[in-house]
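Here is a short briefing on one protein model.

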Amino acid sequence: MEAFQVHKGKLAVLNRSNVDTDQIIPKQFLKRIERTGYGRFAFFDWRYLNDGTDNPEFELNKPEAAGASILVAGENFGCGSSREHAPWALGDYGFKVIIAPSFADIFHQNCLKNGLLPIRIEETFHQQLIQRASNPHLECTIDLEKQEIRDGEMVLYSFTVDPYWKDMLLNGHDEISLTFMYEEQIAEYEKSRRVWMS
């Protein structure tokens, strides 16, 4: 997994409450066996019209959202079913960071496991960030080591993150790569076990 340390990017706003995983990646697109290729289906029902063309009313289709890598979402983002495809779709779409007042617990965990940084913020700052994002040229810096959201050198917000997941993201580890770090110890343990004959 790619390490996450500092990310600078443009903001896009999807200020809708209770956006569930079936809106993030509808069920008909869950047939792929790879983790890639889901970005084009993200928010499919909102993103496209019935004829397959872009819906000009959808927030992420507006010109000011083009190229954004930081999503400012509404409360309880990622609720609904526990599909891991939701963070896969968001990451493949191009997002590195999701900022919201609250997340569904399983979605929040799935983001961390897949290299996306979900940041919980207070409602007051959420409104401020939405106002700031109306400037299409605004970029924010997300510094995971310092746990800061910055505009240039100015700290806009200090966020919290679980120390275990902070370390995992900073070093680009997932739970599988973490297991491989102990491969020698695991092999030694396996040698010490009794062999059971069937």
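Phe107 touches Thr21, Ile24, Phe77, Gly78, Ala86, Pro87 and Leu90, leaving aside residues up to four places away in sequence. Contact here means heavy atoms within 4.5 Å. The model is predicted: local features need pLDDT of at least 70, side-chain atom pairs count only at pLDDT 80 or more, and totals for chains, interfaces and linings use all residues. Residues are numbered from 1 along each chain as its sequence is written, and side-chain values use heavy atoms, without hydrogens and water.

**Cores**
- A nonpolar core is a set of buried Ala, Val, Leu, Ile, Met, Phe, Trp, Tyr and Cys residues joined through side-chain atoms within 4.5 Å; buried means under 20% relative accessible area (1.4 Å probe, protein chains only).
- The largest such core has 31 residues, and Phe43, Phe77, Leu90 and Phe107 touch the most other members.
- Strand 1 (6-14), strand 2 (70-73), helix 3 (85-93), strand 3 (97-100) and helix 4 (105-113) each give two or more residues to this core.
- Helix 3 supplies the largest share, four residues.
- A second, separate core holds 27 residues, among them Leu11, Leu117, Ile121 and Ile142.

**Sheet**
- Helices (H or I, at least four residues) and strands (E, at least two) are DSSP runs, numbered from the N terminus.
- Seven strands make an open, mixed sheet in the order 4-3-2-1-5-6-7; strands pair if DSSP finds at least two bridges between them.
- Strand 4 (117-120) and strand 7 (154-158) are the edges; each has a single partner strand, so one side of each lacks a neighbour in the sheet.
- Strand 3 and strand 4 pair in the parallel sense over four bridges. Ile99 has Ile119 in strand 4 as its bridge partner.

Methods:
Buried < 20%, exposed > 50% of the residue type's maximum accessible area, 1.4 Å probe, protein only.
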